Structures are given as structure tokens and as C-alpha cells.
Amino acid sequence: MSKFGDTEIILPNMPYKSQRDNLINPGGACNVTSIAMLAWRRGIRGDRSQGGQLEDQMYVRCERNGWSRHDPYGLKKLAESYGLVDKFTQTATLDDIRQAIADGYGCALHGYFTLYGHILV
């Protein structure tokens with residue numbers, strides 16, 4: 001649940017996933033973990049026969065396909081490989097983000113909250 005001024009916005013089925021419980025790179029997988037949260041909300045659970053949780057499977061999919069999980073276009077390819085629609089932009093304003101959330105969309109955001117940067121939903 002988020003608050004924007006007097007408007008309370010609830011995104012149903014938005015899970016919280018911690019990158020810290022990933023089998024692969026728990027200290028550096030905020031990127032695939034964020035995409036996994038958005039995918040989970042859309043009913044994508046991954047394939048347990050591939051091992052690990054969805055975030056780990058996404059990490060491996062990036063590596064196998066040569067998609068950089070540090071590049072927004074690599075993450076866009078990852079999201080789209082699971083059938084998600086990714087409306088990546090580098091020019092979104094805070095109002096754009098608020099509107100997307102109000103319209104029921106989740107947003108993955110990058111910022112330099114840490115030395116190397118961090119991605120969150």
C-alpha cells in the first residue's frame with residue numbers, strides 16, 4: 001500500500017520478495033528480484049523443475065541469453081520473455097509513476113540509493 005497525498009493506492013497481489021534469499025547472488029540480484037515481483041503479480045511462478053525460485057531462474061535466463069541484468073534493455077528482454085509488457089522509459093516523471101500505479105501497474109525503479117545503485121518495485 002502506498003500513499004500519495006490524500007490518495008491511497010493498493011496494488012493487489014503485489015508480493016514482497018527479498019533478494020537476500022536468492023540462491024544466486026543474493027547481494028546483487030535486486031534487478032531480477034524486482035522483475036520477479038512484477039511477474040508474480042501477473043501469475044508467473046516459474047518452473048520448479050528448473051531449480052530455485054523464479055528470481056534465480058530469471059538470473060540464469062539472463063546469463064544463458066546474454067542479457068545484462070544491469071542494463072534496462074536486458075531486463076526488458078527478460079520481462080518480455082515471460083510474456084510481460086514492459087514500457088521502459090528513462091524519462092518518467094513522478095507524476096507518470098503515480099499515474100501508472102493508480103492505473104494498476106507496478107513499476108520497477110532504479111536509483112542510486114546504494115553505491116552501485118538499486119532497483120526496487
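Visitor: Which residues have the most contacts inside the largest nonpolar core?

Guide: The model is a predicted one. Its largest nonpolar core has 18 residues. H1, H2 and H3 are the elements that give two or more residues to this core. The residues with the most contacts inside the core are Val32, Leu54, Met58 and Leu78.

Visitor: Which element gives the largest share of this core?

Guide: Three elements, H1, H2 and H3, each give two or more residues to the core. The largest share is five residues. That share comes from H1.

Visitor: Which residues does Val32 touch, leaving out those up to four places away in sequence?

Guide: Val32 is in H1. Contact here means heavy atoms within 4.5 Å. With residues up to four places away left out, the partners of Val32 are Glu55, Met58, Tyr59, Cys62, Arg69 and Leu78.

Visitor: At what angle do H1 and H3 pack?

Guide: H1 covers residues 30-41, and H3 covers 72-81. Their axes lie 11 Å apart. The crossing is right-handed. The packing angle is about 35°.

Visitor: How many nonpolar, polar and charged residues make the contact of H1 with H3?

Guide: From H1 come Asn31, Val32 and Ile35. They meet Leu75, Leu78 and Ala79 in H3. By class, the contact has five nonpolar, one polar and no charged residues.

Visitor: How many disulfides are there?

Guide: A disulfide needs two cysteine sulfur atoms within 2.5 Å. The cysteine sulfur closest to that of Cys30 is in Cys62, and 12 Å is too far for a bond. Cys62 is likewise in no disulfide, with the sulfur of Cys30 as its nearest, 12 Å away. The count is zero.

Visitor: Is Cys62 buried or exposed?

Guide: Cys62 sits in helix H2. Setting aside residues up to four places away in sequence, Cys62 touches Val32, Trp67, Arg69 and Leu78. The cut-off for buried is under 20% relative accessible area. Cys62 has 1% relative accessibility, so Cys62 counts as buried.

Visitor: And is Cys30 buried or exposed?

Guide: The same cut-off applies, under 20% relative accessible area. Cys30 has a relative accessibility of 12%. Cys30 therefore counts as buried.

Visitor: Where is His70 found, and is His70 buried or exposed?

Guide: His70 is in the loop between helix H2 (54-65) and helix H3 (72-81). Exposed means over 50% relative accessible area. His70 has 62%, so His70 is exposed.

Visitor: How far apart in space are His70 and Arg45?

Guide: In sequence, 25 residues separate His70 and Arg45. The spatial distance runs from C-alpha to C-alpha. It is 23 Å.

Visitor: What is the phi of Asn25?

Guide: Asn25 lies in the loop between strand E2 (7-9) and H1. Asn25 is partly exposed, with a relative accessible area of 30%. Most residues other than glycine have a negative phi. Asn25 has a positive value, near 50°.

Visitor: Which residues is Asp21 in contact with, leaving aside neighbours within four places in sequence?

Guide: Asp21 lies in the loop between E2 and H1. At 46% relative accessibility, Asp21 is partly exposed. Asp21 and Gln53 are 32 residues apart in sequence, yet 9.4 Å apart in space, C-alpha to C-alpha. Beyond its sequence neighbours within four places, Asp21 is in contact with Gln53 and Glu55.

How values were computed: Residues are numbered from 1 along each chain as its sequence is written. This is a predicted model: local features need pLDDT of at least 70, side-chain atom pairs count only at pLDDT 80 or more; totals for chains, interfaces and linings use all residues. Side-chain values use heavy atoms; hydrogens and water are left out. Helices (H or I, at least four residues) and strands (E, at least two) are DSSP runs, numbered from the N terminus. Buried means under 20% relative accessible area, exposed over 50%, partly exposed in between (1.4 Å probe, protein chains only). Axes are lines fitted to C-alpha atoms, for helices over the stretch in contact, and angles run from 0 to 180 degrees between N-to-C directions. A crossing is left-handed if the near helix is turned anticlockwise from the far one by less than a right angle, and right-handed if clockwise. Ala, Val, Leu, Ile, Met, Phe, Trp, Tyr, Cys and Pro count as nonpolar, Asp, Glu, Lys and Arg as charged, and the others, Gly among them, as polar. A nonpolar core is a set of buried Ala, Val, Leu, Ile, Met, Phe, Trp, Tyr and Cys residues joined through side-chain atoms within 4.5 Å.
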